[in-house]
Each structure stands twice: as structure tokens, then as C-alpha cells.
Amino acid sequence: MAGPRIVVVGVGTMGSAACAHLAQRGAQVIGLERFTIGHEFGSHGGQSRAFRLAYYEHPDYVPLLKRSRDLWLSLNERTARPIYQPVGGVYLAAPGADFVRLAHAAAVEHGLDVELLDAADVRDRFPIFRVPEDWIALVERPAGFVVPEWAIEAHAQIARQHGAQLRDGVQVHGWSANGAGVQVDTTEGSIEADGLVLTAGVWSRELAQVEGLGIRPSRQVLGWVDAPEAAPVDLGQLPVWALELEDTSVLYGFPRMSGLPGPTGFKIARHWPAATINPDDLDRSTHPDDADDFMPHLREFLPGAEGEVRDMRICLYGNSADGHFRTGRHPESDAVVVAAGFSGHGMKFQPVIGEILADLALEGTTPHAIDFISL
Ligand SMILES: Cc1cc2nc3c(=O)[nH]c(=O)nc-3n(C[C@H](O)[C@H](O)[C@H](O)COP(=O)(O)OP(=O)(O)OC[C@H]3O[C@@H](n4cnc5c(N)ncnc54)[C@H](O)[C@@H]3O)c2cc1C
């Protein structure tokens, strides 16, 4: 017997994973994407995303991250592609700063593989950093990064292999629920279905129609710097790294490596919710002063890596009010599931959120503990 017909709106990060999980579980999936599957107008462009388990944001993310890691490892195996690369991670901060303190507490609570370092150890192990004498650091071996372009492509491919119809260039204008299911209105007519999954990223607020779902899009800058050839920042010398600045924003980056999609160079950025913008009316080109977002901090904390800015890209965060995700069944319709508000830290959860969305759409509930990120 054919499974339920489920429409997924937005085949980006979470939507592609939802399509893959739903299709593998027998649903008849229709995925609708307004641009192409994999693009640079939303939240998933830019070659690499940090994967951490020692989560300072909230310890309840850790069980989800453990499941996500297992799913990333099996995706690597299944696709024979290094989509998740566990190259390790190091997080640095002033003593007492939540960034390292809470990450360490989450690691202890959940038995993660971490090690605390003092500034002398940091100098020894990662000589590129110049941090004050009283700073501390946490090293996490299973941390690393994922390649978002490959991750979306892999999930879309699995979905298609299991019969999903993924259509790009189709924009959804609205939807309505009735006793029998949902009607979805698109640029190519309307579609009737048994269920609807809304994964529209920075466009979620208008589409989801959930009261209080105040997702605010922001314009974030990614940079690639020509670090000197001899700087100890290559893969093998430096893991994925992040350090907390005085204003609690986080400067972070990736080891220099080749073989990834997009620009080459030493990639660096700053994690913080920038000013709210309208994603449909946005200057996506970059300007020289965009580099002010990260260059002064690079100069201060990694002076040996300073070089010309080789490339910059713009990517959008979909910020919730408190930086936590918003995932669950729609308060006014059991046939509709929403996932939004990934606030600049959702990519590492892509496969587990896909699994949760499939649980919610097919069973109405999930065994994963998601109350703390509910709608
Ligand atoms: C600069 C930057 C750095 C980041 N770094 C990290 C990191 O290091 N680690 C980490 O874990 N996360 C990171 N993230 C966050 C992560 O990438 C996002 O949380 C994640 O990509 C959000 O996924 P999404 O599915 O909500 O949005 P998206 O991937 O943008 O998907 C939404 C999709 O919906 C489509 N859509 C919207 N409206 C419609 C409509 N009406 N009809 C049809 N289609 C529609 C869009 O075109 C889009 O493809 C970063 C994000 C940015 C921008």
C-alpha cells in the first residue's frame, strides 16, 4: 500500500534530510524548492560547517548530536564521500566564560571525549593562537566539520532513489489545512497532500503562520584569507577552532585544506546574529569593509595567519529570539510540521532533524527529546 503523500517546502538543509528520511520510510514525497537544490541565497552556502558535540548552547542538544554523528558516519559510508570530516575541534576563551565552561559541563554530563588545556598547552599544540596567559581551551576529538553542499546533494539523491519527486524552481505561496489533509498553493498550481513539512529557512515566518515564530534573517560574512604559506594552519596542524570574543560573539574557522567546493584559503568568520534584513531585498555582493567583521580579530588572536582577503561570501542566519531551534507540529494543524530558527548553528544537526521531521510527519511524535526546542 502506498504511504502517505507528504509535501516538503524548502529542499535546503533540513528539507532535503526530511525528504530522504520520509522517502526511505515509504512516504510519497514531493519536495518543492523555490531556487535550485543547493544554492547561495539561503543558509547553506559556503563549503564547511563546524560540527561540535560539547554544546555550550544547551546540554540537551548533545543526545541529538550523538545521533546526528552516527547518521553522518553512515552517510559518509553510503555515499563514499567525506561529507563529515572528524578532524577535531578546539574552543578557546577567558577563564569563567560560558563558551568553554558550559561546553565542558555538557561534555562531562554526557561523557564526551574532551580535554582541558591551559594557555601554555595551547601555545605548544596550536602555535597559531596568541591568547592571554589566563585563557583556557577545550579540545574535542570527535568534532570536525561537514560540507553542506555535499550533504544536501546526498540527501536529495537518497530521497530520489526512494521515489521522492523533488522539484526546483517551484515557490510555495501559502497552504491551508482541512480535515482530510492540506492544500499547498504553488507557482505551478495547487497540490493536495496528507501532510506538510515546512523547512523554509529564513523565509519561515511568513510561510509557517505560527504565532510568535519571529524568525529574523541576518546577513553574515564568510572570509577566505591568504595566510602565509608557513603559517601552522593546515589540516593536521589545526583542527576546527572557535574562540569567544569580549562581546561574546565567537570567531571561528577551519584548517586550510584543498578539495572542497568553493574558494580556497584560510576560512574564517564570526558567529553572532547581525542586523535583521529582508532576504528578498538584500545586497548579496560583498564590500571591502565586510572584512572588518573578522580581520581585526584575526590580527589580534592569530596574527601569524594574517594575509590578503582572497574571497568573501554572504550567507543568511534565520535567528529565533533566544538562538534555539523551533521544531514541532503546528499548533493549529496536526498535519503540518515546522522546523525553523536554526540561528546559525543548525547544519551539524541536519540528519537528526530530518529523522525527527519524518517521525513527526508519519507518527505524530518522536522518541527524540525535543521539548526544549519545541515551537
Ligand atoms: C555564515 C553561516 C555559517 C554557519 N556556520 C555553521 C556552523 O559552523 N555549524 C552549523 O552547524 N551550522 C552553521 N550554520 C547554520 C546552518 O547552515 C543553518 O542553520 C542551516 O543551513 C539552516 O537550514 P534550513 O533548512 O533552515 O535553511 P536552508 O538551508 O536555507 O533551507 C531553506 C530552503 O527553503 C527554501 N524555501 C524558502 N521558502 C520557500 C518557498 N516559499 N517555496 C519553496 N522553497 C522555499 C529556500 O530556498 C531554501 O533552499 C551557518 C550558517 C551561516 C549562514
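**Notebook: strands, domains and ligand shell**

I began at strand E13 (residues 195-198), which pairs with E20 in the parallel sense over three bridges. I take two strands as paired if DSSP finds at least two bridges between them. Helices (H or I, at least four residues) and strands (E, at least two) are DSSP runs, numbered from the N terminus. This is a predicted model, in which local features need pLDDT of at least 70 and side-chain atom pairs count only at pLDDT 80 or more, while totals for chains, interfaces and linings use all residues. Residues are numbered from 1 along each chain as its sequence is written.

**Entry 1. Strand E20**

I looked up the residue pairs next. Leucine 196 has valine 336 of E20 as its bridge partner. E20 also pairs with strand E19 (residues 326-330), antiparallel, through five bridges. There, arginine 326 has alanine 340 of E20 as its bridge partner. E19 and E20 make a hairpin, with two residues between them. I noted for reference that strands of a sheet pair through backbone hydrogen bonds, either parallel or antiparallel.

Is E20 enclosed or open? Six of the eight residues of E20 (residues 333-340) are buried, so the strand is largely enclosed by the rest of the structure. I call a residue buried if 20 or more other C-beta atoms lie within 10 Å of its own, exposed if 12 or fewer, and partly exposed in between, with C-beta atoms placed from the backbone.

**Entry 2. The two domains**

I took the domain bounds from an automatic or database domain assignment. The protein chain is divided into domain 1 (5-45 + 149-215 + 323-373) and domain 2 (49-146 + 216-319). Taken over C-alpha atoms, the centres of domain 1 and domain 2 are separated by 27 Å.

How many residues of each domain are in contact with the other? I found 30 residues of domain 1 in contact with 31 residues of domain 2. Contact here requires that the C-beta atoms of two residues, placed from the backbone, lie within 7 Å. On the side of domain 1 that touches domain 2, helix H5 (148-161) and helix H8 (350-363) each supply at least two residues. H5 gives the most to that side, with four residues. By class, I recorded 14 nonpolar, 13 polar and three charged residues on the side of domain 1 that touches domain 2. For these classes, Ala, Val, Leu, Ile, Met, Phe, Trp, Tyr, Cys and Pro count as nonpolar, Asp, Glu, Lys and Arg as charged, and the others, Gly among them, as polar.

**Entry 3. Helix H8**

I checked the length of H8. H8 has 14 residues and reaches 20 Å from its first C-alpha to its last, close to the 20 Å expected at 1.5 Å a residue. The expected span is 1.5 Å times one less than the number of residues in the helix. Twelve of the 14 residues of H8 are buried, so the helix is largely enclosed by the rest of the structure. The buried residues of H8 include Val352, Ile353, Ile356, Leu357 and Leu360. Just after H8, glycine 364 takes a positive phi of about 85°.

**Entry 4. The ligand shell**

Which residues come nearest the ligand? Of the 36 residues around the ligand, Gly10, Gly12, Gly42, Gly201 and Gly346 come nearest. A residue is near a molecule or strand if its C-beta atom, placed from the backbone, lies within 6 Å of it. E18 gives the largest share of this shell, four residues. By class, the shell has 16 nonpolar, 16 polar and four charged residues. Domain 1 and domain 2 both give residues to the shell around the ligand, so it lies between them.

**Entry 5. A three-stranded sheet**

I then followed an open sheet of three strands, in the order E3-E8-E4, with antiparallel pairing. E3 and strand E4 (84-85) stand at the edges, each with a single partner strand, so one side of each is left without a neighbour in the sheet. E3 and strand E8 (residues 144-146) run antiparallel and are joined by three bridges. Arginine 49 stands opposite valine 146 in E8.

**Entry 6. Two single residues**

I looked up valine 250, which lies in strand E16 (residues 250-253). Valine 250 is buried, with 20 other C-beta atoms within 10 Å. Leaving aside neighbours within four places in sequence, the contacts of valine 250 include Phe99, Leu245 and His271.

Serine 374 is in the segment after H8. Serine 374 is exposed, with 12 other C-beta atoms within 10 Å. The C-alpha atoms of serine 374 and glycine 328, 46 residues apart along the chain, are separated by 5.5 Å.
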